[in-house]
Amino acid sequence: MKTVPYWTDNTPKPAGITADDLPTERLDAVIIGAGVTGLTAARRLADLGKTVLVVDAMEIGSAASAINGGQLNYGLKPGLATLEKRYGSETTHALWDASLEAIDLAERIIREDGFDAGFRRAGAVSLGYHDSSRAKAHATSGMLREKYGFNTTVYEGDDLHSVIGSDLFTVALVSEVDGAVDPAKYNFGLAAAVAGRGVPIIEGCEVTGIRRVGDEYVVSTTKGAVRSGDVLLATNGYTPKDLVPSVRRQVVPIGSYMVATVPLPAETLDRLLPGNRVYWTQRRFLNYFRRSDDDRLLLGGRPNLSPNLDLTEVAAGMQTAIGEIFPELSGVEITHVWGGKLAATFDLMPHLGRTDDGVWYAVGYGGHGMSLATYLGTNVGDLIGGATDDSPFLGLRHPTRFYYRGDPWFLGAGGLAFRALDRIGR
Ligand SMILES: Cc1cc2nc3c(=O)[nH]c(=O)nc-3n(C[C@H](O)[C@H](O)[C@H](O)COP(=O)(O)OP(=O)(O)OC[C@H]3O[C@@H](n4cnc5c(N)ncnc54)[C@H](O)[C@@H]3O)c2cc1C
């Protein structure tokens, strides 16, 4: 069993997408983080004629953007009723529309820049475990149709097997708009598209300080310093503790883990995952899964909230989860196990804004960053580049907690509480 991501093992980083030396001239924008957020922002800024530099502390493809479940889902993490109560109906509708536009945007970027990211409109299946999940699914489906004009289909009883070959669930809520990508191909394709616009992407280049001097910033890195008119923090689950403390206090890094099985007979997967959609379970400690192009089952989740778990133990837990969902796959061989970090916020919303010092940030997608990072990255590119002054995400409150200074000491207790709520189906 390899402890590397299946995705980047299958699609290694292409040559020629990174640069070595920091530019010496003053830039319009420095982007910190070469994931989906940073690269879509850089792409947009380059199209607006701005001079841009992207730096990343790690190698491109090591962080969450290249190694995730590859699901591009509609909606936001908080329920629409919560959002309406918090922000009002107009803003909630704008946020909802943005979540759908995000999937279209990813599809458009891939098409316009002409790279293969394995994109398909897979559709998604959300799976409930409890008797009470049925009524909730019908209520959600009805509300989405009536208030948002959005169609979903509820499957239960004998019909369930037409969307999932498992007896573990009581109900499935199926939507057709969700996309699936190969995340490594998407991340590398975006990087190639950005590099092709003449933007240097420098990896192994950690930003260690951002200092405002007059109307510009001096960005210090492990490879030297650069001057820039704007700075974007696109560091999500990898946001350092001390670089921009006010942003780090908004995001809690959380681990998410995945496994890939050996290739399975195509007929087995046709039966277990009919329609070849993407799937997730309705729990706080959810599982998400899908089929790979080479007929593996890829399954993700987390046994608790820690980003530093032992991967061998994670793989054993995931193997058990696979057996619970699909008993005929009990003990199936796992070939890859890996993990990465996502960023949770206290309001479960992505945060787009500027610090008191004017540093831009777009972070905090939870497990929902593939489509939303594409949207917020592009949107913040437009904002920095002056193409718009508008975003449904701009101006929302970004809460932290008085007890959180960037050290998430409460993850253990939080995980126990979440697991208890999952057990009772709340
Ligand atoms: C296992 C897993 C499965 C997931 N599955 C899904 C899914 O199916 N669908 C979905 O929508 N979302 C999913 N997510 C979440 C999604 O991957 C993220 O929300 C998204 O990739 C965030 O993109 P990003 O560009 O903002 O950040 P990232 O891709 O995390 O990139 C941040 C970058 O910032 C860099 N950085 C940090 N500090 C510095 C510094 N000081 N100097 C320079 N660089 C720095 C890091 O090195 C990193 O490369 C998953 C996440 C994980 C871990």
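Strands E17 and E18 form a hairpin with 5 residues between them, strands here being DSSP runs of E with at least two residues, numbered from the N terminus. In the turn, Gly-358 has a positive phi of about 90 degrees. The model is predicted: local features need pLDDT of at least 70, side-chain atom pairs count only at pLDDT 80 or more, and totals for chains, interfaces and linings use all residues. Residues are numbered from 1 along each chain as its sequence is written.

E17 (residues 351–354) runs antiparallel to E18, joined to it by 4 bridges; two strands pair if DSSP finds at least two bridges between them. Within this pairing, His-351 stands opposite Val-363. E18 also pairs with strand E11 (residues 224–233), in the parallel sense and over 2 bridges. Here Tyr-361 is the bridge partner of Leu-233.

In a regular strand the side chains alternate between the two faces of the sheet. In E18 (residues 360–363), Trp-360 and Ala-362 on one side and Tyr-361 and Val-363 on the other are all buried, that is, 20 or more other C-beta atoms, placed from the backbone, lie within 10 Å of their own.

A separate topic is the open sheet of 8 strands, in the order E5-E6-E4-E13-E14-E15-E12-E16, with mixed pairing. Strand E5 (152–156) and strand E16 (334–345) stand at the edges with a single partner strand each, so one side of each is left without a neighbour in the sheet. Inside this order, strand E4 (residues 124–128) and strand E13 (residues 278–281) run parallel, joined by 4 bridges. Val-125 stands opposite Tyr-279 in E13.

Technical notes: A residue is buried if 20 or more other C-beta atoms lie within 10 Å of its own, exposed if 12 or fewer, and partly exposed in between; C-beta atoms are placed from the backbone.
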